[in-house]
Amino acid sequence: MDIVRDAFWRWKRIMGEATKKAEDLAGNTWQHLKTSPSLAEAAMGRIAQGTKVLAEGGYEKIFRQTFETVPEEKLQDCFACYLSTSAGPVMGVLYVSTEKLAYCSDSPLSYKNGTQTEWSYYKVIIPLHQLKAINPSTSKVNASEKYIQVTSVDAHEFWFMGFLNYEGAVQCLKEVLQLNSLQSV
C-alpha cells in the first residue's frame with residue numbers, strides 16, 4: 001500500500017510540475033503575441049522566423065551570418081523576445097554566446113537618411129566582459145508582463161520583454177553574468 005501511495009504522490013508532483021510549465025509557456029506565448037502592436041503581425045513574425053531558421057540551417061548559422069564571430073565562439077542559447085525602444089517594442093531574437101549577448105530584429109526597420117528611406121536590422125551587441133547586471137522584473141500593474149534589464153559597464157541599459165521562455169532566459173543570462181564575473185577576477 002505504501003508503494004501505491006508513494007507512486008501516487010510522485011505522479012501528482014510530476015503532473016503539477018508539468019502543468020506549471022504548460023501554464024508558463026501558454027502565458028509567455030500570449031504575452032509575447034500581445035506585446036506587438038498587432039497580434040497577427042506577431043504571429044506571422046514568429047512563423048517567418050521559424051521558416052528562416054529551418055531554411056538557413058538553424059540558429060547557430062543565422063547567428064554566425066548576422067554577427068561577427070571568432071572561430072572558437074559558441075552559441076549557448078537564443079530567445080525570441082522584444083527589445084524596448086523609443087519607437088516601441090521591436091521583435092527579434094536575443095543570442096547568448098560564449099563571447100557576447102547579441103540581439104537582432106526579425107525584420108529590417110525603416111529610417112530616414114536625408115530625403116531617402118533606408119532599411120536596416122536593429123542590432124545590439126554587448127561583449128560579455130562589458131556586461132554589468134541582469135535584472136529580471138515584473139510589472140506591478142500586470143504580473144504577466146515580465147522584463148529583463150541588461151546593463152553594460154558603460155551604463156547603457158537595454159530592456160527585453162515578451163520572452164517565449166522568460167524563465168530560461170533569466171537563468172541563462174544570470175549564469176553567463178556569474179561565469180563572466182568569475183573569469184574576470
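**Close-up 1. Valine 170 in helix 4 of the predicted model.** Valine 170 counts as buried because its relative accessibility is 14%, where buried means under 20% relative accessible area, exposed over 50% and partly exposed in between, with a 1.4 Å probe and protein chains only. The residue is found in helix 4; helices (H or I, at least four residues) and strands (E, at least two) are DSSP runs, numbered from the N terminus. Not counting residues up to four places away in sequence, valine 170 touches Pro136 and Ile148, contact meaning heavy atoms within 4.5 Å. The C-alpha atoms of valine 170 and proline 136 are separated by 6.7 Å, although the two residues are 34 residues apart along the chain. This is a predicted model, in which local features need pLDDT of at least 70 and side-chain atom pairs count only at pLDDT 80 or more, while totals for chains, interfaces and linings use all residues. Residues are numbered from 1 along each chain as its sequence is written, and side-chain values use heavy atoms, with hydrogens and water left out.

**Close-up 2. The largest nonpolar core, with 25 residues.** A nonpolar core is a set of buried Ala, Val, Leu, Ile, Met, Phe, Trp, Tyr and Cys residues joined through side-chain atoms within 4.5 Å. Among the residues with the most contacts inside this core are Leu101, Tyr103, Ile148 and Phe160. The largest share of the core, seven residues, comes from helix 4. Leaving aside neighbours within four places in sequence, isoleucine 148 is in contact with residues including Ile134, Phe158, Phe163, Ala169 and Leu173. A second, separate core of nine residues includes Ile62, Phe67, Leu75 and Tyr95.

Close-up 3. Five bridges join strand 3 to strand 6, which run antiparallel, and alanine 102 stands opposite isoleucine 125 in strand 6.

Technical notes:
Two strands pair if DSSP finds at least two bridges between them.
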